[in-house]
Amino acid sequence: MSTQAAKSTAVLITGASSGIGLALAQYYVNKGFAVIACGRNAKALQSIIGATPLSFDITDNAQVKAAAEQLSQLLRQHDWKLQQVILNAGSCEYIDNALRFDSALFARVINTNVVAMGYCLEHFLPLVGQGGQLGLMSSSATYIPFPRAEAYGASKAAISYLGRSLRVDLAQHDIGVSVICPGFVKTPLTDKNDFAMPMQISAQQAAVAIFKGMQTQRKEIHFPGKFTWLLKLASLLPESLLVSLLAKK
Ligand SMILES: NC(=O)c1ccc[n+]([C@@H]2O[C@H](COP(=O)([O-])OP(=O)(O)OC[C@H]3O[C@@H](n4cnc5c(N)ncnc54)[C@H](OP(=O)(O)O)[C@@H]3O)[C@@H](O)[C@H]2O)c1
């Protein structure tokens, strides 16, 4: 796409105040796109030079609705076409003791990662033009059952299915869907992890991979390849072998 064409093409990115979303917003701005950068942290959004900040909490349906109304006005005012929506915002919490299952934690993670994605789809999808592309942030954690990931992994598995199902229904409207499955990316979210994160990449590397995948309308954007292909291979192992490899000894 030429820089001139990119200028009138708007991209909405949730979770743009930090980590992958922040790097992605900066990358799209540098490529000349009109970027609507979303998150709760208004100050962090304002620091993305060249982007339009839109601050709201994705878990509050009324706030998402109001944000979509503001977005609609912005699109009209600047004569922008909303061609990409990247629903990237999310959180991660681990179940430390499966025997004392923390249902409040489970509900929190599912609410932020899945239910809130429903609010964003409800209000932003009607604004996406024909030929548009939707990006849903899942995770390569969905390929195999990681320990302590009952809440996070389940939320991301739901997103992967949601993306595949939406792809079927949105095909007739000429809107594509990319399910995004990163391996480990260095961000404030993974900085909290207390375990080894093999083949971890930077948020900037993740941004390049996502950008390329969105431009080429890939159905599944997974990276870094060596890591995600290993996980895909591992997913072919018998479940009992996987359990014995992954379970705490
Ligand atoms: N890092 C990895 O290795 C990795 C791997 C696979 C998938 N992912 C996924 O990639 C996405 C981004 O993760 P990250 O690593 O970049 O994490 P991060 O640095 O913690 O960023 C998370 C983003 O989500 C936003 N967010 C969270 N709750 C929100 C809410 N209620 N309302 C609005 N925005 C909210 C945050 O914005 P505010 O705080 O400003 O609201 C922030 O911008 C997540 O969905 C994560 O699950 C990450």
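Reader: How much space lies in the largest cavity?

Author: First, the ground rules: this is a predicted model, where local features need pLDDT of at least 70, side-chain atom pairs count only at pLDDT 80 or more, and totals for chains, interfaces and linings use all residues. Residues are numbered from 1 along each chain as its sequence is written, and side-chain values use heavy atoms, with hydrogens and water left out. A cavity is a set of points on a 1 Å grid over the protein atoms alone where a 1.4 Å probe fits but cannot get out, and its volume is the space filled by probe spheres set on points joined across faces, edges and corners. For the largest cavity that comes to about 50 Å³.

Reader: Which helix gives the largest share of its lining?

Author: Lining residues have an atom within 4 Å of a grid point, and among them are Thr112, Asn113 and Met117. Helices are DSSP runs (H or I, at least four residues), numbered from the N terminus. Five lining residues, the largest share, come from helix α5 (residues 103–124).

Reader: And the ligand: which residue has a polar side-chain atom 2.6 Å from one of its oxygen atoms?

Author: Polar contacts here are pairs of N or O atoms within 3.5 Å. The side-chain atom at 2.6 Å belongs to Arg40.

Reader: Which element gives the largest share of the shell around the ligand?

Author: The elements that give two or more residues are α2 (19–30), α6 (150–170) and α7 (188–191). The largest share, three residues, comes from α7.

Definitions and conventions. Polar contact = N/O pair within 3.5 Å; in protein donor to acceptor, adjacent residues only side chain to side chain. 1 Å grid on protein atoms, 1.4 Å probe; cavity = no way out; pocket = protein on both sides within 12 Å on 5 of 7 lines; lining within 4 Å.
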